[in-house]
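Please open the model in your viewer and keep the selection panel at hand.

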Amino acid sequence: MEKAHTKSALKAKDDLKDPLYDKSKVAPKPLAKENTKPQEFKLHTGQRALKRAMFNYSVATKIYMNEQQKRQIERIQKIIEEEEVRMMRKEMVPRAQLMPYFDRPFFPQRSSRPLTVPREPSFHMVNSKCWSCIPEDELYYYFEHAHPHDHAWKPVN
């Protein structure tokens with residue numbers, strides 16, 4: 001590095017000694033740049049802080065409303081339970097029953113309703129087989145022709 005520095009220094013000295021060297025032809029020193037002004041920039045921290053504050057407020061409001069609603073429900077349930085307890089206590093109070101009339105004893109009376117007429121149950125056995133052994137087409141035929149008025153007993157597909 002020293003050699004490079006010394007060579008350039010020698011050249012500069014040679015230029016000064018050169019009779020053809022003209023000082024006016026020497027490139028002028030570049031002018032100093034003007035001081036630059038920093039541009040204004042906008043941070044979003046203020047906007048984000050405002051949005052966060054609004055969000056926190058809405059969350060706190062919801063929590064408060066839920067707590068209020070729970071307290072209201074508990075208050076209503078407590079009133080209902082107290083009312084039920086009061087009604088149960090009122091019903092549980094032992095009361096004296098009237099003395100039966102021993103001078104007029106109870107004699108059962110014969111009912112005025114007509115007697116029911118018993119009838120034979122209609123159990124139809126199809127070829128003495130169980131229901132699960134009967135093929136579907138026979139079962140369908142049996143239900144369609146044996147009981148045309150009974151629509152609840154149609155086979156399920």
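Begin by selecting glutamate 83 and arginine 86, which stand three residues apart in helix 2 and are therefore separated by about one helical turn. Helices here are DSSP runs of H or I with at least four residues, strands are runs of E with at least two, and both are numbered from the N terminus. The two side chains form a salt bridge, with the closest N and O atoms 2.1 Å apart; the term denotes a side-chain nitrogen of Lys or Arg within 4 Å of a carboxyl oxygen of Asp or Glu. Glutamate 83 is partly exposed at 34% relative accessibility, whereas arginine 86 is exposed at 51%. In these terms, buried means under 20% relative accessible area, exposed means over 50%, and partly exposed lies in between (1.4 Å probe, protein chains only).

This is a predicted model, in which local features need pLDDT of at least 70, side-chain atom pairs count only at pLDDT 80 or more, and totals for chains, interfaces and linings use all residues. Residues are numbered from 1 along each chain as its sequence is written, and side-chain values use heavy atoms, with hydrogens and water left out.

Next, select glutamate 67 and arginine 71, whose side chains meet in a salt bridge (3.8 Å, N to O). Both residues lie in helix 2, four residues apart, about one turn of the helix. Arginine 71 is partly exposed at 40% relative accessibility, and glutamate 67 is likewise partly exposed, at 38%. The structure holds two salt bridges.

Now select Phe55, Val59 and Ile63, which make a nonpolar surface patch of about 260 Å². Patches consist of residues with over 30% relative accessible area and no salt bridge, like charges being joined within 9 Å and nonpolar side chains (Val, Leu, Ile, Met, Phe, Trp, Tyr) within 5 Å. Isoleucine 63 belongs to helix 2 (residues 45-92) and is partly exposed, with a relative accessible area of 46%.

Finally, display the whole protein. It contains three helices and zero strands, and 4% of its 157 residues count as buried. The accessible surface comes to about 17600 Å², of which 59% belongs to carbon and sulfur atoms; areas come from the Shrake-Rupley method with a 1.4 Å probe, and for residues only the protein chains shown count as cover.

Colour the model by pLDDT, the predictor's confidence in each residue, from 0 to 100. The mean is 76, and 62% of the residues reach 70 or more. Among the elements, helix 1 (residues 2-17) has the lowest mean pLDDT (53) and helix 2 the highest (96). Where pLDDT is low, the predicted coordinates should not be read in detail.
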